[in-house]
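Trainee: I have a structure open and would like to learn how to read it. Can we go through it feature by feature?

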Amino acid sequence: MDLAAVFTIEILYSIAVLVLISAGLAVVFGMMRVINLAHGEFMMMGGYATIVAVQAGINIFVAMLVVAPLVVGIIGLIVERLVIRHLYGRLVDTLLATWGLSLAFIGLAVMIFGNTTTGVSTPIAGFTLGRFQVSGYNFFIIVVATLLLVGGYIVLRATRVGLVARGTMQSADMASALGYSPDRVYMSTFFVGSALAGLAGGVMAPLVGLMPTWGTAYIAKAFITVISGGASIVFGLFSSATVLGVVSQTFTFLSGPVIGEVALLVTAIVLLRLLPQGITGYFFRGRL
Amino acid sequence: MAINRRTMLKGAAAVSALAAPPFIRNAFAETPIKMGTVFDITGIFDAYGRPIDMAVRLAVKQINDAGGLLGRPVEHISYDTQSDMALYTQYAQQLTRQDNVDVVHGGILSASREAIRQTLRRANTLYFYNIQYEGGVCDRNCFVTGVTPAQTTEVQIPHTMEKWGKTVYILAADYNYGQLMARWIQKYVGDNGGETLAVEFFPLDVSDFGSTITNIQAAGPDMVYSALVGGPHMSFYRQWAAAGMKDRIPIASTTLGVGSEHLVLTPEEGNGIVVCYNYSPELDTPANNQFKAAWAEMHGANTVPQIHELAVSNYQGVMLWAEAVKAAGTPDRDAVIDALEGGLELEGPAGKVSIDPQTHHATLDVHIMEMREQRLDVLESFASREPIDTQLVCDLIANPDDNMHYEIDI
């Protein structure tokens, strides 16, 4: 009975992690069609920002939820102004440019932080569920991911800012004819996407051995989740994360992490074969 | 601007004048003795490789400051394999074919050692593997100065079983070291009357251990033995502490700490983990204190915490090789091998180091240590432990042409 409860929590946690790591990419790629190969490095920088902030004395929750997104958002802003802005619409060129950026960021991180930085511990204690100990931090991550999805939906649906963003993504010419600067909108969207990546890195920092190359492990999964999701940002992210998370965790419990990863990849291949437009190309069509 | 023949010739002359200096050799300089190294200085194993590289550079500097070897300077040719196995083979071939080095110190993961050992053997280039590993390499061309399971795990397991109990759950990295180490742990647990509940293997890039932690709790062992390797596997210790398991089931490890991982974990995550190695930064011996002082002078006092077992092993390996060259009077491979087999002894930062002629492995002092407040505090010491595990399978005196990595069978 309590094993079933632990199992459920692990699945929810797995879905939440997929949502978290893909949210930034969903905004940047899903809305702007910019392939940001440095997404993993943005997450890594969010993690390091959290560690530095905590070591400077800032409360860990503030460091994770405020400092990390802000810092990485600003870095994203600079990257957008200097690099991405010139490459809109040029898919292969952004690929190359962001790949170079990811290498540069890793190198910078190695120079500044080295490879044996002491991390931060999870701020939330474990608790007992029947005869099992569960990490309380997993709940925190589930809550953050849920708030992210709900908040994203509300912003895109019910606020003017969201409306302008959606409009510009659909037709930049119309939006500019109506008086909104697409340049500005792209800039702000990239800022939000980077901030979300920083948030993911900051929240995950207490749970992983943070090294400069940590982000490279997550970029593939993030892309898979976003592309399997399809055109809709919130619903797409939620549906693909759910499918992939459930499948991979189930197989991990049955036979170990290796099979879990394989199952995730096989599911992604099957999904893309059957639903080439992503899940929200066929279900939840037209939804946000 | 159109380039005509005149400008072309002028340009060529200028360029060759600039490039000339490297080709102008001081005819009176002594030809250096070349030492090649191949380590992962960047990438996911850089926590191991970077301090190793620093230790080797310190050793070379000390040798050269003392006048070199046999009056000749030691030239250190260093390649960074960037945690990529393919580059090991490539650089090993480059060292033997192009750079023509007299000795290679290299390899960190056992997979990297096996990738280059045969290349170096075929090229008759002396090879030192100065890393703790799973034992069993039997190769006249290869000298191993790292500790093996019979030296460390054989005393670590009874110590922990006496402290904590009889049932063990094993986690290991999924490659040759982890697989073989898991077998050794099971063997010694069985020899001491204990029981291995389960063994789990993880590829080197797995960093999510949630289901594993649940499985461990379901099995309920008295202790967990971890042979996990590398940066991503560090997440296990974090997530273990996050689940509040730190005070419920104790952990022992055969790998944690060799790459200064006790600095990456916070004290709450690391306290109480028991390990057993050749070196601890806390060893209070004249040799260790001198070593740390020299390191601080060359690399800066703030890098002293990065000194770990693998770095010290490589420092001792280089120094041992240097002593052998001096004793042999020449860097030629066969003469150096004879010198090493002849009972040469080195007083290194980790204690006495000598080579066992039967196996070409090192006899070393080992210490059982506990991680406490980001230190490795020594609990118990064992002097001059011979590499008995490799001695069981390897006899280079009787079979000098042996070229095998023997794997233990359980």
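Trainee: Which residues of H4(A) are buried?

Mentor: Keep in mind that this is a predicted model. Start with a general idea: an α-helix has 3.6 residues a turn, so residues three or four places apart point the same way. Now the case here. The buried residues of H4(A) are Thr94(A), Ala97(A), Thr98(A), Leu101(A), Ser102(A), Phe105(A), Ile106(A) and Ala109(A). Helix H2 (39–55) and helix H3 (60–82) of chain A are among what covers them.

Trainee: How many residues does H4(A) have, and how far does the helix reach?

Mentor: H4(A) covers residues 91–113, which is 23 residues. From first C-alpha to last, the helix reaches 32 Å, close to the 33 Å expected at 1.5 Å a residue.

Trainee: What span should H5(A) have, and how far apart are its end C-alpha atoms?

Mentor: H5(A) runs over residues 136–158. Its 23 residues should span 33 Å at 1.5 Å a residue, and the end C-alpha atoms are 33 Å apart, so the two agree.

Trainee: Which residues of H5(A) are buried, and what do they pack against?

Mentor: The buried ones are Tyr137(A), Asn138(A), Ile141(A), Ala145(A), Leu148(A) and Gly152(A). In chain A, they pack against H1, strand E2 (132–134), H8 and helix H10 (234–255). H8 of chain B also packs against them.

Trainee: How do I describe two helices that pack together?

Mentor: Two packed helices are described by the angle between their axes and the distance between the axes. Take H1(A), residues 2–32, and H8(A), residues 182–204. Their axes come within 7 Å and cross at roughly 165 degrees. Over 145 degrees counts as roughly antiparallel. H1(A) and H8(A) are therefore roughly antiparallel to each other. Their crossing is left-handed.

Trainee: Which residues make the contact between H1(A) and H8(A)?

Mentor: From H1(A), they include Leu20(A), Ala23(A), Gly24(A) and Val27(A). From H8(A), they include Tyr186(A), Phe190(A), Gly193(A) and Ala197(A). By class, this contact has 14 nonpolar, four polar and no charged residues.

Trainee: How many residues does each chain bring to the contact between A and B?

Mentor: Chain B brings 37 residues and chain A brings 32. On the chain B side, several elements supply at least two residues each, among them helix H2 (46–65), strand E8 (195–202) and helix H7 (210–219). That side divides into 14 nonpolar, 14 polar and nine charged residues.

Trainee: What should I look for in backbone angles?

Mentor: Most residues other than glycine have a negative phi, and most peptide bonds are trans. Asn100(B) has a positive phi near 50 degrees. Ser260(B) has a positive phi near 60 degrees.

Trainee: How far apart are Pro400(B) and Ser381(B) in sequence and in space?

Mentor: They are 19 residues apart in sequence and 33 Å apart in space, C-alpha to C-alpha. Pro400(B) lies in the loop between helix H14 (388–393) and strand E16 (403–405) of chain B. Pro400(B) is exposed, with 9 other C-beta atoms within 10 Å.

Terms used: Residues are numbered from 1 along each chain as its sequence is written. Chains are lettered from A and ligands numbered from 1 in the order in which they are written. This is a predicted model: local features need pLDDT of at least 70, side-chain atom pairs count only at pLDDT 80 or more; totals for chains, interfaces and linings use all residues. Two residues are in contact if their C-beta atoms, placed from the backbone, lie within 7 Å. Helices (H or I, at least four residues) and strands (E, at least two) are DSSP runs, numbered from the N terminus. Ala, Val, Leu, Ile, Met, Phe, Trp, Tyr, Cys and Pro count as nonpolar, Asp, Glu, Lys and Arg as charged, and the others, Gly among them, as polar. Axes are lines fitted to C-alpha atoms, for helices over the stretch in contact, and angles run from 0 to 180 degrees between N-to-C directions. Angles under 35 degrees count as roughly parallel, over 145 as roughly antiparallel, 65 to 115 as roughly perpendicular and the rest as oblique. A crossing is left-handed if the near helix is turned anticlockwise from the far one by less than a right angle, and right-handed if clockwise. The expected span of a helix is 1.5 Å times one less than its number of residues. A residue is buried if 20 or more other C-beta atoms lie within 10 Å of its own, exposed if 12 or fewer, and partly exposed in between; C-beta atoms are placed from the backbone.
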